[in-house]
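This briefing concerns charged side-chain contacts and one backbone feature of the structure shown below. Please keep the sequence and the model at hand while reading.

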Amino acid sequence: MRNPALAFVKPKADTDEFNINVKLSELYTNAKVEIITAASEDEAVKRYDKLMSDANKIGLERLETYMNEAYQEALKKYE
């Protein structure tokens, strides 16, 4: 399903939310290979848990709140 409102949800440059998004993208890019190539399921879970812990420290919840609010505002354009 196509959702054009999502195009208006990206954080603006030079904002804290933009910087959080960049850091989270870098974190994910670096962690996904480590998770996928883990020697065991337990090790993969530990690496995933670390990814989520690091993401929370970076500001995942703040970005999620921002993106949800921006999405709700964008949806109003399509009602």
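The points below treat salt bridges, the surroundings of their residues, and backbone geometry.

This is a predicted model, in which local features need pLDDT of at least 70 and side-chain atom pairs count only at pLDDT 80 or more, while totals for chains, interfaces and linings use all residues. Residues are numbered from 1 along each chain as its sequence is written, and side-chain values use heavy atoms, with hydrogens and water left out. A search of the whole structure finds 5 salt bridges; the term denotes a side-chain nitrogen of Lys or Arg within 4 Å of a carboxyl oxygen of Asp or Glu.

- Asp-16 pairs with Arg-62 in a salt bridge whose closest N and O atoms are 3.1 Å apart.
- Helices are DSSP runs (H or I, at least four residues), numbered from the N terminus.
- Glu-17 also forms a salt bridge with Arg-62, with 3.4 Å between the closest N and O atoms. Here too distant parts of the chain are linked, Glu-17 being in helix 1 and Arg-62 in helix 3, 45 residues apart.

- Asp-16 is partly exposed at 44%, and Arg-62 is partly exposed at 43%.
- Glu-17 counts as buried because its relative accessibility is 15%.

- The side chains of Glu-73 and Lys-76 form a salt bridge with an N to O distance of 3.0 Å.
- Both residues, Glu-73 and Lys-76, lie in helix 3, 3 residues apart, or about one turn of the helix.
- Glu-73 is partly exposed, with a relative accessibility of 48%.

- Most residues other than glycine have a negative phi.
- Asp-14 is located in the segment before helix 1 and is exposed, with a relative accessible area of 77%.

Conventions:
Buried means under 20% relative accessible area, exposed over 50%, partly exposed in between (1.4 Å probe, protein chains only). Helices (H or I, at least four residues) and strands (E, at least two) are DSSP runs, numbered from the N terminus.
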